Amino acid sequence: MHETEVNVSFDDEWIVIQRPDGTVEKVRWIDLKAIIIETTDDGPFGPDLFWVLVGENDTGCVFPGGATGESEILEEMQKRLKGFDNEKFIEAMSSIQNNKFLLWSA
């Protein structure tokens, strides 16, 4: 699977992740508890960055960096989520090691 085959979309209520095998993950904006970027040392042979959207009651979703719609959801998070840490985002994007970066928490 290539990262661009994963589609990220959203509306006023939901964030939806669609995978090429038909699997759908979703979380409601109001249920979000944290936004984390997890980096790996797998690049360039595998995905080296994953967005982890943590929701209430074990809800949430994960999608790889490079997913279709990533830029749009990032822009929406920056607008919608007060306290979104752009400096941590920049730090995460330049990481080439296994690490976790908390970008936002409720």
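Reader: Which ring does the charged end of arginine 80 sit over?
Author: The ring of tryptophan 29, 4.2 Å from its centre. A charge sits over a ring if NZ of Lys or CZ of Arg is within 6 Å of the ring centre and within 35 degrees of the ring normal. This is a predicted model, so local features need pLDDT of at least 70 and side-chain atom pairs count only at pLDDT 80 or more, while totals for chains, interfaces and linings use all residues. Residues are numbered from 1 along each chain as its sequence is written, and side-chain values use heavy atoms, leaving out hydrogens and water.

Reader: What about lysine 26?
Author: Its charged end sits over the ring of tryptophan 14, 4.6 Å from the centre.

Reader: Back to tryptophan 29. Buried or exposed?
Author: Tryptophan 29 is buried, because its relative accessible area is 7%. Buried means under 20%, exposed over 50%, partly exposed in between (1.4 Å probe, protein chains only).

Reader: Which aromatic residue does tryptophan 29 pair with?
Author: Phenylalanine 10. The pair is edge-to-face, with 6.2 Å centre to centre and 85° between the planes. Rings of Phe, Tyr and Trp (its six-membered ring) pair if their centres lie within 6.5 Å; planes under 30 degrees apart count as stacked, over 60 as edge-to-face and the rest as tilted.

Reader: Why does phenylalanine 10 count as partly exposed?
Author: Because its relative accessibility is 30%.

Reader: How many aromatic pairs are there?
Author: The count comes to 3. There is also one aromatic cluster, formed by Trp51, Phe63 and Phe89.

Reader: New topic. What is the order of strands in the sheet with β1?
Author: β1-β2-β3, an open sheet with antiparallel pairing. Two strands pair if DSSP finds at least two bridges between them. The edge strands are β1 (7-10) and β3 (24-28).

Reader: How many residues are in the hairpin that joins β1 to β2?
Author: The hairpin goes through 3 residues. β1 and β2 are joined by 4 bridges; in one of them, serine 9 partners valine 16. Between β2 and β3 there are 5 bridges, and glutamine 18 stands opposite valine 24.

Reader: And which strands form the other sheet?
Author: 4 strands, in the order β6-β5-β4-β7, open and antiparallel. β6 and β7 are its edges. The twist averages 20° from one strand to the next. Angles run from 0 to 180 degrees between N-to-C directions, with axes fitted to C-alpha atoms, for helices over the stretch in contact.

Reader: Which strands does α1 touch?
Author: β4, β5 and β6. Its direction makes about 45° with that of β5. Contact means heavy atoms within 4.5 Å. Helix α2 lies across β4, β5 and β7, at about 160° to β7.

Reader: Last one. Which residues touch the most other members of the largest nonpolar core?
Author: Leu32, Ile35, Trp51, Leu53, Phe63 and Met77, out of 25 residues. A nonpolar core is a set of buried Ala, Val, Leu, Ile, Met, Phe, Trp, Tyr and Cys residues joined through side-chain atoms within 4.5 Å. Methionine 77 is in contact with Trp29, Ile35, Trp51, Leu53 and Phe84, leaving aside neighbours within four places in sequence.

Definitions and conventions. Helix = DSSP H or I, 4+ residues; strand = E, 2+ residues; numbered from the N terminus.
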